[in-house]
Every structure is written in structure tokens, then in C-alpha cells.
Amino acid sequence: MAFLDLHGVVKRFGRNAVVDGFTLAVQEGEFVSFLGGSGCGKTTTLRMIAGFETPSEGSIHISGTDVVSVAPNKRGVGMVFQNYALFPNMTVRKNIEFGLMVAKWSSAEIGQRVDEMLTLIHMEELGARYPHQMSGGQQQRASLARALAVRPKVLLLDEPLSALDAKIRERLRTEIRAIQKQTGITTIYVTHDQEEALSLSDRIVVMQSGRIEQVGTPFEIYNRPATPFVASFIGNLNILEATVVDAALGRLSVAGQEVFAAGPVAAGPGVKLSLRPEMLSLEDRPEGANSLAGTLTNIVFLGSIVRLAIGIGNREVFLDRFNTPHLALPAVGTQVSINFPREACLVTEPDPAEALAGVLLAKGN
Amino acid sequence: MRARRGWAWMWMFLGSLYFFIPLLGTFLFSLHGKRGVLSFAAYHRVFADPHFLETFTFSLQMAILTIIVGLTLLIPTVIWIHLRAPWAKPIVETCSLLPFVIPPIVLVFGLIRMYSSPPFQIVSSRGLLVAGYVVLSFPYIYRSVDAGLRAIDLRGLTEAAQSLGAGWGTIMFRVVLPNMRVSLLSAAFLTFSIVIGELTLAVMLAWPAFGPYMAHVGRDLAYEPAAIAILSFLLTWGLIGLMQLASRSIGGQSSTLGGTH
């Protein structure tokens, strides 16, 4: 059994299942992110691991012990909250001491451990500050130190960076990963921010409507999305309607133009062809690559990258280019052709719900 | 800009006149206890009357008991509502308004009818008086505690403490209550001021309390009631001063006080 093991976990509020059949095995020392939009059940799952919610079905094991009926304060699980939840009546030092005091450590041990923690979060000088005297970033670091001080078996972070501004978020993200590697603690990180999940995690669990869509390394999730939802949720994506011309050869037709996928595709009248903006180019068409002709409709400057919109049929396709001082771009309105390797084609079947809607629509006609 | 500020000061001045002139009048009147000269004779007589101290001590004891019972009853209740039973909030809120709607005279007759015959023959016990006072101060205690809890992130703080291994005792006494100190103080002082001056319950249940004493003095004497009024005014302001002091010593938490009034 894995270090943290969730098996068939279901959580219902009334008739509504907010988490449905969640099964996941997390190895010791692993950093796993739960990623999904609001209401996808990621926080509820985290709270079930912490013990603040009780699963309606299923089991949760932490290092071999079934914890479903164990009270939150006996689980040995550390938690960091979105709004820090530092005790306002205590200094940073006292906050970090709290868990150690509850666990009845000796005062010498407590002093040493608190110093250790303050060094870990680079806040040696700020131990005497109250939470309201610190910035959001400092408060969140203090809250991380408080959670880690008691040496929990599992560290849970519930959107810890979402209340902070972009610069601090990025710095603290790096710091959290460094501290996690240094302490080797098994970590579950809940976020709706794909960039956070991609940059921090050993593995990502993408969730939607209470279900797991895909579990994989950031590389797998980004490059080989298993479902249309994952494909559209992670990164920017151009999604085009395509008709299958030859399933075995992976031959498709997009707005009347021929495109080849890297391998065979599912047989069926229609599929979705997804293309990452950064995989498309206007120049150098390598041997065997695909090409689609269209009209340049718009150019958006985004700092380090420039995003071009190209109309193909009745859809607009976005193409990203790195910005350089010598960048020469065609004028808006010109005919261009976009090129992309066969491997860039992510071909997925339409969502069952959408397909059904399509059928109903066809019947209605 | 300057003219506008001048107006503001003028309104402020008029407002304080409205407030202070009657007070000043009462104070001056209270100094006329001895014919022809200004003196504190009325105050001397008030303090010399053994009933003053007796009734005040009695009401003080009742006030302290009411505060203890009221807070012990309501703090866990309101915390429970906040954490586990938000659906019960409108019910409790409506209940908390009942003491405003039902006059104390109705309450006390209800108490007498209910508790003057077996199986509950406790109409002459102090416990019943305290229970009645708890009902009267319920709205104030409830609102103060509720505002205090709303000012802190109760769920976040309790969950953080739980995840650090703390049980409910530690959570209450180390985390929740210290962060509600100001609102608890305000609940206590409001209760105190209600019980100290309360008349109906004390009279109908026949207790030698401070309220009936004040009413009695007011009926029979001229200058002493004015002296007592000034004394109780000073006492009230002293308590509010204490409240402010407590809120300042907590620092950064003073906003809680604003929420309770």
C-alpha cells in the first residue's frame, strides 16, 4: 500500500456527489497537485484527508493506518490555508510553538525547533512579529513553518498562494518546492493555477466535477492529455472540428484542408483536433509536416511572446512566437500558411455529452 | 474647506451641549444637598445609607453570576452555530429579539406562575433571578459574541489548531477566546449595566437589589437621586473606558469593539 492511499472515496452533500470514486496512491516524499476549476472537488478531497470532512464512501490510509474515523487532531497531517489562518493573538514564534506545545515537547526542544523553522523560512528576524505586522507572503511562510514544525506525515496545502500577488507567488512557489525537497515530506497541493501545478509537482491529478480526469507527470499532462477536458484546461489550446477521412492512416480534414495525425485515430464522423499555439509556425515546413492556409486576422503583443490570430474556415487559430527585436511579421489581412509537425496533433473524440447533444440536434432537424 | 470644518465643530459643540447641559444640571442640583452652599452632602448621605452598599453589592453579585452563566451558555452555542449549524442562526437570532418584544413584567409573571408551585417551587431562589437576568441580557451577549466570532476566521483558526493536534479545550482557551477578548468584555459590561439598574424582575421577585433601591430613593428624596445618577454615570463611563483600554492593549484588534454596538 502506498504511503497515502485513497480508495474509492466519495463525498455526497445531500444527493450531490462532489467527489466521486477518487482513487489515488501517493508515494512517500512525493509532491502531488490536485488541479481543477472551482467546484471540481479538489478542496473537499483535501479536507477529507485532513479529517475536516468525512467521506460518504471509501477509505483513506496514511502510512498503513485507516484514518477515516480518526479525529483531525490525531492524524498527523499538517495544513496550510489560503488565508494563512495564523493565530492573531500570537507572535510568529508562538504560532510555530503551538503544535509543539500541544505535543508536549520540552521547552529546550521547542526553542531549538522554532529556531530551525525560522531559519528554514528565512524569517529569523521576524519571530517577535504579530501576523498583522507582516506581509501576506511572510504570513504564508510562517504558516508553512507552523505546519512543518510538528513533523507531520503529510503536508496539505489548500491554494496557499492564491491570495498573494504575482511576483511573490512565483518566489514563494520556488521556496515551497525547495523546502519540500529539503524535508522530503509527502505533499498534496490544491490549486486552480495550472502553472503552479506544472512547475511544482511530481504528479498532477486533474479533476472535473468530482472525478479524476487524468493522473500523470506535468510532462504527460501537458503533452499527452487523456481527455478533451485536460487538453483544454492545461495550457492554451486551439480546438478545431475535424472529420476523419482515413482512421487507420490518421488522415483528417479540417475546413476542407488535409491534415495527418501522428498515428491512427478513432473511427467516427467527427473528432476534435487540438493544437498548442507554441507548436505552430509560419515558416520552415519540415518534410511531412502539416500545413493549413488561412488569413492573418489579428496580432496581439504579450511581452515575451506575440500571438497571431489566423482565420481558417470559420475558426480562429492562435499561434505564438517569441518576441525578438528583429521580428518581421506579415501584415493583417495577408494570406499565410501555418505549419506544424504531425506530433503536434492532439486528436480527441468529442465529449460524450456534446456528442449526445449533436445527435439530439440532428434528430431535431 | 476651512468653513466646512468650522461648521463641523459647531455641530459637534451643539451636540455636546445637548448631552452635557442636563448632566451638568443634575450634577449642580446634586450639590445643593445642604441649604445655601454647594457641597457633596447628598453624596455623603448616599454613601452613609447602609442600603446603598447592601443593594449595590447584591446587584453586583447577581451581575457577575449573570455574566458567567450567560457567557458559559452562549459562547459554545454561538460557536456551534457558526461551525456546524448555520441553519439555526435565524432561529436563535429571532429568539434573541424576544426579550425586546416581551416586556419584563410579562416575563416575570410567567416565571412566577411556572415556578411557584411544585414540581418547580424555586420562585424565591437567586437562581431564578439570575436566569431571568440571563434572558434579559441574551440579546446583548448573543450579538457581542456573534460579532466577535464574525471578526475572526473561526473555521480557519479552529481547523489550523486541530491540524496542529489541539483538542477543543486548547482551541477554546488558547485560540478562540483570546481573539474575542474585546467582544467578550463588551458583552460582560453590557450585561453588567443591565443587571445593575434592573427594576421589574427584582421588585416582583422581592429581592433587595440596586434598581428598586434607586427607585425608592427617587420617590422619597430630592438630592440623593441626582447624586446616584451622577455616580452611575461615572461608573458606566469608567467601564467603557476600561473596555477601550482593553481593546488598545490587544492592538490591531480594536475593530472588534466597533462591531459590537
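Predicted model: local features only at pLDDT ≥ 70, side-chain atom pairs only at ≥ 80, totals over all residues.
With a relative accessibility of 14%, Arg47(A) counts as buried. Glu53(A), at 18%, counts as buried too, because the limit for that class is under 20% relative accessible area. Glu159(B) is likewise listed among the buried residues of its helix, α7(B).

Helix α7 of chain B covers residues 154-163, and nine of its ten residues are buried, so the helix is largely enclosed by the rest of the structure. Besides Glu159(B), the buried residues include Leu154(B), Leu157(B), Ala160(B) and Ala161(B), and also Gly156(B), Thr158(B), Gln162(B) and Ser163(B). After α7(B) comes Gly165(B), which has a positive phi near 100°.

The size of an interface is often given as the accessible area lost when the parts come together. Between chain A and chain B, this buried area is about 1800 Å², and carbon and sulfur atoms give 62% of it. Chain A brings 22 residues to the contact, and chain B brings 21 residues. On the side of chain A that touches chain B, at least two residues come from each of β6 (77-80), α2 (92-102) and α4 (136-149). The element that gives the most to this side is α2(A), with four residues. Sorted by class, the residues on this side of chain A are 15 nonpolar, five polar and two charged.

Chain A also has an interface of its own. It is divided into domain 1 (4-228) and domain 2 (236-364), and the centres of these domains, taken over C-alpha atoms, are 38 Å apart. Five residues from domain 1 of chain A and six residues from domain 2 of chain A take part in the contact. About 500 Å² is buried between the two domains, with 51% of this area given by carbon and sulfur atoms. Tyr222(A), Pro225(A) and Pro228(A) supply 86% of the area that domain 1 of chain A buries against domain 2 of chain A, more than any other three residues. The count of salt bridges between domain 1 and domain 2 of chain A is zero, while two residue pairs are in polar contact across this interface. The side of domain 1 of chain A that touches domain 2 has three nonpolar, two polar and no charged residues.

One of the pairs in chain A joins Arg211(A) to Asp20(A), at 3.2 Å from N to O. This pair links distant parts of the chain, 191 residues apart: Arg211(A) is in strand β10 (residues 211-216), and Asp20(A) is in strand β2 (residues 16-26). Arg211(A) is partly exposed, at 47% relative accessibility, and Asp20(A) is partly exposed as well, at 25%. Another pair is Arg203(A) with Glu30(A), whose closest N and O atoms are 2.5 Å apart. These two residues also connect distant parts of the chain, 173 residues apart, with Arg203(A) in strand β9 (residues 203-208) and Glu30(A) in the loop between β2 and β3 (31-35). Glu30(A) is buried, with a relative accessible area of 11%.

Finally, two loops of chain A show an interesting backbone detail. Ser63(A) has a positive phi of about 40° although it is not a glycine, and it lies in the loop between β4 (57-62) and β5 (65-66). Ala85(A), not a glycine either, has a positive phi of about 55°, and its place is the loop between β6 and α2 of chain A. Are these residues buried or exposed, wholly or partly? Ser63(A) is partly exposed, with a relative accessible area of 35%, whereas Ala85(A) is buried, at 3%.

Notes: Residues numbered from 1 in each chain as written. Chains lettered and ligands numbered in written order. Heavy atoms only, no water. Buried < 20%, exposed > 50% of the residue type's maximum accessible area, 1.4 Å probe, protein only. Contact = heavy atoms within 4.5 Å. Buried area = accessible area lost by both parts, 1.4 Å probe. Nonpolar A, V, L, I, M, F, W, Y, C, P; charged D, E, K, R; others polar. Domains from an automatic or database assignment. Salt bridge = Lys/Arg side-chain N within 4 Å of Asp/Glu carboxyl O. Polar contact = N/O pair within 3.5 Å; in protein donor to acceptor, adjacent residues only side chain to side chain.
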